[in-house]
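Please walk me through this protein step by step.

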Amino acid sequence: MKIHDVIIIGGGLAGLTAALDLSRYGYDIVLFETNSYPHHKVCGEYISNEVHPYLKTLGLDLLAEGAVEITDFEISTQNGYKTATKLPLGGMGMSRYALDNLLYEKASQQGVKFFFSKVSEVTYKDDLFFITANDESYSAKVVIGAYGKRSALDKSLQRGFSFEKHSWLAVKGHFKNSTFPQNLVALHNFEGGYGGLSKTEDGSVNFCYLTSYNSFKKYGDINEFNRKVVSKNTYLKEFLDEADPVFENPLSIAQISFQKKESIVDHILMCGDTAGLIHPLCGNGMAMAIHSAKLASELIHHFLEDTTYDRAQLEKDYRQVWNRTFKRRLWYGRKLQHLLLNKKYIDAGIRTAGASKGLLKFIIAKTHGKSIV
Ligand SMILES: Cc1cc2nc3c(=O)[nH]c(=O)nc-3n(C[C@H](O)[C@H](O)[C@H](O)COP(=O)(O)OP(=O)(O)OC[C@H]3O[C@@H](n4cnc5c(N)ncnc54)[C@H](O)[C@@H]3O)c2cc1C
């Protein structure tokens, strides 16, 4: 059986970025992805500028590819209170349909081999990995787990959270709305959840929300839920009243877990959501997925080049740098989500943040990283 240098499981932002980064050194890389490109994904599609310089070093200038520049942020509560600020670093709006496809095309050009099938098993023996996908076996020196929030693979790896039920679900659609500002990302709170609005490269506005299953289950139907719960926030009502849906049906996902996860499992280096999902209200999951792929790629390059740098050291270094870079952000994300969904504190919290723009910027900075190259 051929031994590949690196096998990547999952071709979202984390997997594709690692493939692009490592392929610059000429390694033999295989990436497994369940769905062919391009495809839509449930995501707010606001990407923080902190990864813009790094993506440029990989040959991807998202603004040149049509991403929308986003400079302003606003947040509102269900009771109609709204405050706004300039974003410290700013960001870009681009659909996952376009973004993931861009990375896929670039990685293919750089020699990454893509297999469109689902990985069902990974085992590690005698310093090598063995992967099963579509009843075929593959082998590699290094495996990156970049298969997102949740996959059947988590169960086969005995990851605790995968055996539990999780109470969050998310809905996303694109809309035509001529009045929504080009440079804005807006976050609007409603009972049991919150929704984000921002423009994408083709001028449509992405509306993506997260809600607790408890809040949703009384209605069980997205249109009904939008009318009875989401639209209680007047800003969301105004938006939905004026907007024309682009998708025939919105996309939805359930069983979203925000539990703590391990960044290494059975010697597999986990990247992106597979290592930890930040609450979507932070708007930083995509940047974290890209950044974690960069961190893993640097160490994997070291491991494959230098025979004195062993696997134990690789794993120790990855765990340390992952924790140092992301653990605090995840902690702030959890606290913020708690505040935003707490009926008692949300109004006072947003009013206090609104009265002191410095405080709002401080909170945004705590859930984001610095620019990376
Ligand atoms: C409601 C919501 C809104 C969000 N909004 C934003 C936002 O505005 N800004 C932001 O920065 N972040 C946002 N995020 C977070 C962001 O979407 C994620 O952090 C990001 O997509 C993580 O990328 P990833 O590569 O880790 O995973 P993914 O993009 O999910 O990619 C994982 C890939 O693995 C594939 N896969 C799964 N299992 C297997 C398998 N067994 N074999 C092969 N392939 C497999 C899947 O098909 C998928 O393509 C949001 C998240 C949610 C839930």
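Which ligand atom is 3.4 Å from an N or O atom in the side chain of Ser151? A nitrogen atom of the ligand is. That pair is a polar contact, meaning N or O atoms within 3.5 Å; within protein, one atom must be able to donate a hydrogen and the other to accept it, and residues adjacent in sequence count only if both atoms are side-chain atoms. Taken alone, the ligand exposes 1000 Å², and the protein buries 93% of that. Such accessible areas come from the Shrake-Rupley method with a 1.4 Å probe; for residues, only the protein chains shown count as cover.

A word on the model. It is predicted, so local features need pLDDT of at least 70 and side-chain atom pairs count only at pLDDT 80 or more, while totals for chains, interfaces and linings use all residues. Residues are numbered from 1 along each chain as its sequence is written, and side-chain values use heavy atoms, with hydrogens and water left out.

Back to the ligand. A nitrogen atom of the ligand sits 2.7 Å from a polar backbone atom of Tyr46. An oxygen atom of the ligand lies 3.3 Å from a backbone N or O atom of Glu45. There are 33 residues around the ligand, and Glu33, Gly44, Tyr46, Arg96 and Asp273 come nearest. To be near, a residue needs a heavy atom within 4 Å of the molecule or strand. Helix H8 gives the most to this shell, with 3 residues.

Now look at H8 itself. Helices (H or I, at least four residues) and strands (E, at least two) are DSSP runs, numbered from the N terminus. H8 covers residues 285-305, which makes 21 residues. From first C-alpha to last, H8 reaches 30 Å, close to the 30 Å expected at 1.5 Å a residue. The expected span is 1.5 Å times one less than the number of residues. H8 is mostly covered, with 15 of its 21 residues buried. Buried means under 20% relative accessible area, exposed over 50%, and partly exposed in between (1.4 Å probe, protein chains only).

Compare helix H9, residues 311-340. Its 30 residues should span 44 Å, and its end C-alpha atoms are 42 Å apart, which agrees. H9 has a kink of about 40 degrees, centred on Phe326. The bend at a residue is the angle between axes fitted to the seven residues ending there and the seven starting there.

Next comes Arg96, in helix H3 (residues 96-109). Arg96 is buried, because its relative accessible area is 8%. Its side chain joins that of Asp100 in a polar contact of 2.9 Å. Among the residues Arg96 touches are His39, Glu45 and Met286, leaving out residues up to four places away in sequence. Touching is contact: heavy atoms within 4.5 Å.

Ser95 is in the loop between strand E5 (82-93) and H3. Ser95 counts as buried, because its relative accessibility is 2%. Ser95 and Asn177 are 82 residues apart in sequence and 16 Å apart in space, C-alpha to C-alpha.

Finish at Asn177. Its place is the loop between strand E10 (168-176) and strand E11 (184-190). Is Asn177 buried or exposed? Asn177 is buried, because its relative accessible area is 6%. Its side chain makes a polar contact of 2.9 Å with the side chain of Thr179. The backbone oxygen of Phe239 lies 3.5 Å from a polar atom of the Asn177 side chain.
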